[in-house]
Amino acid sequence: MSDFAIETDVAPTPDRLQRLAKVHETAFGPLERGWSATEIGNLAKAGLLVSAKDDSGFALLSLAADEVELLTLAVAPERRRAGLGATILDAALIAAAASGGAAIHLEVAADNAPALALYRNAGFTQTGRRPRYYLRGASRIDALVLSRNL
């Protein structure tokens, strides 16, 4: 059993969306643009938002028929390496399956070893590659497409 309190929001408040936007900004660092509170809110309305009750991490999922896409999973840097990301991912997988999803897909930067380990430990396997997909400063990084059944 996890020590983290997780919830699935249908309509997060504007204040909460601001806190989640700050987490997204800090989680992805200075070389990638964090998503705004408006963007997170719009994606949450159209899909699923799974978040830590203290707003230190969250996942956004998009639903289309029985296909689910994990759009992002962000954990505040000071809360990493404690199991919060895995707890949010587990809750997101449960929510995706409960919403009728049969499979889930995501993209992750090929050089993001912690995220790759998290997803592989959760049963994801590589199903594709998008060369030079992410821009990091002057560098281009491949995106790996990972999938698993729900």
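1. In strand 5, His-105 is the bridge partner of Glu-69. Four bridges join strand 4 (residues 67–75) to strand 5, and the two run parallel. Strands count as paired if DSSP finds at least two bridges between them. Helices (H or I, at least four residues) and strands (E, at least two) are DSSP runs, numbered from the N terminus.

2. A note on the basis. This is a predicted model, in which local features need pLDDT of at least 70 and side-chain atom pairs count only at pLDDT 80 or more, while totals for chains, interfaces and linings use all residues. Residues are numbered from 1 along each chain as its sequence is written, and side-chain values use heavy atoms, with hydrogens and water left out.

3. Strand 5 also pairs with strand 7 (residues 139–149), in the antiparallel sense, over seven bridges. Here Val-108 has Leu-144 of strand 7 as its bridge partner. Five of the seven residues of strand 5 (residues 103–109) are buried, so the strand is largely enclosed by the rest of the structure. Buried means under 20% relative accessible area, exposed over 50%, and partly exposed in between (1.4 Å probe, protein chains only).

4. Val-108 lies in strand 5. This residue is buried, with a relative accessible area of 5%. Val-108 touches Ala-115, Leu-116, Tyr-119, Tyr-134, Asp-142, Ala-143, Leu-144 and Leu-146, not counting residues up to four places away in sequence. Contact means heavy atoms within 4.5 Å.

5. Strand 4, helix 3 (residues 84–98) and strand 5 form a right-handed β-α-β unit. Right-handed means that, with the strands pointing away from the viewer, the path from the first strand over the helix to the second runs clockwise.

6. Thr-87 belongs to helix 3. Its relative accessibility is 15%, so Thr-87 counts as buried. A polar atom of the Thr-87 side chain lies 2.9 Å from the backbone oxygen of Gly-83.

7. Helix 4 (residues 113–121) has Ala-115, Leu-116 and Tyr-119 as its buried residues. They cover an arc of only 100° around the axis, which puts them on the same side of helix 4. The arc is that of the directions from the helix axis to the C-beta atoms. Ala-113, Pro-114 and Asn-121 are exposed on the other side of helix 4. Cover for the buried residues includes strand 4, helix 3, strand 5 and strand 7.

8. Check both ends of helix 4. At its start, a side-chain oxygen of Asn-112 comes within 3.2 Å of the backbone nitrogen of Ala-115. After the helix comes Gly-123, with a positive phi near 95°.

9. The largest nonpolar core has 27 residues, and Leu-61, Leu-70, Tyr-119 and Phe-124 have the most contacts inside it. Strand 2 (48–52), strand 3 (57–64), strand 4, helix 3, strand 5, helix 4 and strand 7 each supply at least two of its residues. Helix 3 gives the largest share, eight residues. A second, separate core of 13 residues includes Val-23, Ala-44, Phe-58 and Ala-74. A nonpolar core is a set of buried Ala, Val, Leu, Ile, Met, Phe, Trp, Tyr and Cys residues joined through side-chain atoms within 4.5 Å.

10. Leu-70 touches Ala-59, Leu-60, Leu-61, Leu-89, Ile-104, His-105, Leu-106 and Tyr-119, leaving out residues up to four places away in sequence.

Terms used. A polar contact is a pair of N or O atoms within 3.5 Å; within protein, one must be able to donate a hydrogen and the other to accept it, and residues adjacent in sequence count only if both atoms are side-chain atoms.
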